[in-house]
Amino acid sequence: MTRLPGLDDLEVEGKKVLVRADLNVPLEDGEVADDFRLRAALDTISSLRRRGARVIVASHLGRPDGPDPELSLAPVAARLSELGGFPVRLAGDVAGIEAKKTVAGMEPGDVVLLENTRFESGETKNDPELAESLARLADAYVLDAFGSAHRAHASTVGVAELLPAAASPLVQQEVEALGRLLADVGQPYVVALGGAKVSSKLGVIEALLPRVDAMLIGGAMAFTLLAADGYDVGSSKVEDSMNSAARSVLRGEHGGKLFLPSDAVVADRFAADARHKVVSTRDMPDGWMGLDIGPETAEAFAGVIGNAETIFWNGPMGVFEWEPFRAGTARVAEAVVASDGLTVVGGGDTAAALKLLGLDDQVTHLSTGGGAGLEFLEGKALPGIEVLTRRKS
Ligand code: ADP
Ligand code: MG
């Protein structure tokens, strides 16, 4: 890939700079419930303000099909202003009359937030007219939303084709850190994968398995793999549609590098207060479901991670949200942060687990882009990144 242009490659002083940020935060009772993403976006916004830019911020929030007052960015504008210590004006629409009016009144250093990009049906279709309207608001474009870079939308690709464009430091860090995992890395190279579904991670399993020395599998996806390998996994969550794909990975050339759990914490129902016990995965009782890797597996995984020079971890080992099923994720997290090697952790829920454990600042890189990060590691081109490397005429 050609070099990614950064903020220093853009002329921003006095200019109107459109920042595609990721302000897709959880809301509760009309308030921002977790402002982690807003804090992250403030780096780029503040840096552009310091350089004398007029900063126009765009983001999606949730998945509305057109305007939806429940998903207005109003609470986000309020919290962003509070955290940043400067006013953030919310435009009344995405790129219409209201946005134009609000932007026309901006002075250098001002910050305007456009309304939820998904209020425009053209956003997810990468509609050229919407891209044009967005481009007319600004002189330059900055991508800060790595987590949206795998989607070719009007605010991530269409508008970036029409303006001088650059990646924010956050995006540059993501590309650099994840890029290291695809280059020559220190060995042993160990990948730990968990989480809900094999289907969302099969691509990354297939892409990384040939490169790694060991791949540790936990989470619900371990039971799909165990089932495909002929184990009886009781009532565990199994993706039947993944059976043959899982089997070919297990039986494939690199299948021997896959480590599946030897024991599991099983529960008699899917609930925080379910009855639970540790069993061997060779002997899972009928009617019980695996909700965490067991202690023997957790120790074995921690040992493999402890010997690694390079570690990529994506996906919790169990239902860490519930305390009785957190130990496997906690043990893996401890082993990862104890490593002196390169440690990269990705996935929204994995990041949440690390934060819950108070370990989120102890890895080399905590990726903010879930799906985008996985596609990057699969070796796929991310349209929102590709467009930044293309020269504009
Ligand atoms: P990430 O966002 O880090 O990529 P995923 O979205 O793939 O992770 O999966 C996270 C979810 O998987 C968590 O909410 C967790 O509760 C769930 N999970 C993990 N292990 C199991 C399991 N054994 N059974 C059911 N759900 C599980
Ligand atoms: Mg998730």
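Student: Which residues of H8 are buried?

Tutor: This is a predicted model. In H8, the buried residues are Gly219, Ala220, Met221, Ala222, Phe223, Thr224, Leu225, Leu226 and Ala228.

Student: What makes helix H8 mostly covered?

Tutor: Helix H8 spans residues 219-228, and nine of its ten residues are buried. Buried means under 20% relative accessible area.

Student: What follows H8?

Tutor: Gly230 does, and its phi is positive, near 100°.

Student: Why is Ser168 called buried?

Tutor: Its relative accessibility is 0%. The cut-off for buried is under 20%. Ser168 therefore counts as buried.

Student: Where does Ser168 lie, and what is it in contact with?

Tutor: Ser168 sits in the loop between strand S8 (165-167) and H6. Leaving aside neighbours within four places in sequence, Ser168 is in contact with Thr44, Val142, Leu143 and Asp144.

Student: Why does Ser72 count as buried?

Tutor: Ser72 has 13% relative accessibility. Buried means under 20%, so Ser72 counts as buried at 13%. Ser72 is in the loop between strand S4 (54-58) and H2.

Student: What makes the pair Ser72 and Glu115 a polar contact?

Tutor: The side chains of Ser72 and Glu115 are joined at 2.6 Å. A polar contact needs N or O atoms within 3.5 Å.

Student: Which residues is Ser72 in contact with, leaving aside its neighbours within four places in sequence?

Tutor: They are Leu61, Leu90, Glu115 and Phe119.

Student: Is Gly85 buried or exposed, and how do you know?

Tutor: Gly85 has 65% relative accessibility. Exposed means over 50%, so Gly85 counts as exposed at 65%. Gly85 is in the loop between helix H2 (74-84) and strand S5 (88-90).

Student: How far apart are the C-alpha atoms of Gly85 and Leu225?

Tutor: They are separated by 50 Å, and the two residues are 140 residues apart along the chain.

Student: Why is Gly370 called partly exposed?

Tutor: Its relative accessible area is 26%. Gly370 belongs to helix H13.

Student: How do helices H6 and H13 pack?

Tutor: H6 (residues 169-182) and H13 (residues 370-377) pack at about 35°, with axes 9 Å apart. The crossing is right-handed.

Student: Which residues make the contact, and of what class are they?

Tutor: H6 gives Val175, Leu178, Gly179, Leu181 and Leu182, while H13 gives Gly373, Phe376 and Leu377. By class, six are nonpolar, two are polar and none is charged.

Student: How many residues surround ligand 1, and which are closest?

Tutor: There are 19, and the closest are Lys201, Gly290, Glu321, Asp349 and Thr350.

Student: What makes the pair of Asp349 and ligand 1 a polar contact?

Tutor: A polar side-chain atom of Asp349 lies 2.8 Å from an oxygen atom of ligand 1. The limit is 3.5 Å. A backbone N or O atom of Ala220 is 3.3 Å from a nitrogen atom of ligand 1.

Notes: Residues numbered from 1 in each chain as written. Chains lettered and ligands numbered in written order. Predicted model: local features only at pLDDT ≥ 70, side-chain atom pairs only at ≥ 80, totals over all residues. Heavy atoms only, no water. Axes fitted to C-alpha atoms, helices over the stretch in contact; angles between N-to-C directions. Helix = DSSP H or I, 4+ residues; strand = E, 2+ residues; numbered from the N terminus. Left-handed = near helix turned anticlockwise from the far one by under 90°. Contact = heavy atoms within 4.5 Å. Nonpolar A, V, L, I, M, F, W, Y, C, P; charged D, E, K, R; others polar. Buried < 20%, exposed > 50% of the residue type's maximum accessible area, 1.4 Å probe, protein only. Near = heavy atom within 4 Å. Polar contact = N/O pair within 3.5 Å; in protein donor to acceptor, adjacent residues only side chain to side chain.
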